[in-house]
Amino acid sequence: MGLSPLQKCTSAILMLAYGSPADLGVNVVFGDEYLRKPNSNDVEHLLLMGESRGFSGSNNDINVLNQSNMFKDILEGHAPNVQYTINETPYNMGYYLADGIYPEWTTFVKTISMP
């Protein structure tokens, strides 16, 4: 909204001419810090933040199966080691909260039995 029509058209033509995506600058500037795979400290920090807000963790997007390198690592057993307990059962690998549309894999914790 803050750009003039000439600026918008120029940007669109440049993206078409060079084949670059609209968010290329964001990826270049922030990619190394914000678009990297999380490490053990990141996962621990996220779990603590969620826990302090009353959530033990979540990722409500079925597309994660096809696009997340982190999810692929969990399935291959290369995920960061995290410690948590659900119903007095200790676990040491990450998990995803899910409903009935997800496959019956151990990495999915199905919290909604009858969606």
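This is a predicted model: local features need pLDDT of at least 70, side-chain atom pairs count only at pLDDT 80 or more; totals for chains, interfaces and linings use all residues.
Student: OK, and what is the mean pLDDT of the protein?
Tutor: The mean is 76, and 77% of the residues reach 70 or more.

Student: What's the secondary structure like?
Tutor: There are five helices and four strands, in the order α-α-α-α-α-β-β-β-β along the sequence. Helices (H or I, at least four residues) and strands (E, at least two) are DSSP runs, numbered from the N terminus.

Student: Switching to α3: what span should its 13 residues have?
Tutor: Helix α3 (residues 40-52) should span 18 Å at 1.5 Å a residue, and its end C-alpha atoms are 18 Å apart, so the two agree. The expected span is 1.5 Å times one less than the number of residues.

Student: What happens at the start of α3?
Tutor: A side-chain oxygen of Asn 39 comes within 3.0 Å of the backbone nitrogen of Asn 41. After the helix comes Gly 54, with a positive phi near 95°.

Student: Which residue other than glycine has a positive phi?
Tutor: Glu 88 is one, with phi near 65°. Most residues other than glycine have a negative phi. Glu 88 sits in the loop between β1 (84-86) and β2 (89-91).

Student: Is Glu 88 buried or exposed?
Tutor: Glu 88 counts as exposed because its relative accessibility is 79%. Buried means under 20% relative accessible area, exposed over 50%, and partly exposed in between (1.4 Å probe, protein chains only).

Student: How much of the protein is buried, then?
Tutor: Buried residues are 17% of the 115 residues.

Student: How many salt bridges are there?
Tutor: One, counting a side-chain nitrogen of Lys or Arg within 4 Å of a carboxyl oxygen of Asp or Glu. The partners are Arg 36 and Asp 42, at 2.5 Å from N to O.

Student: And how accessible are those two, Asp 42 and Arg 36?
Tutor: Asp 42 is partly exposed at 22% relative accessible area, and Arg 36 is partly exposed at 41%.

Methods
Residues are numbered from 1 along each chain as its sequence is written. Side-chain values use heavy atoms; hydrogens and water are left out. A polar contact is a pair of N or O atoms within 3.5 Å; within protein, one must be able to donate a hydrogen and the other to accept it, and residues adjacent in sequence count only if both atoms are side-chain atoms. pLDDT is the predictor's confidence in each residue, from 0 to 100.
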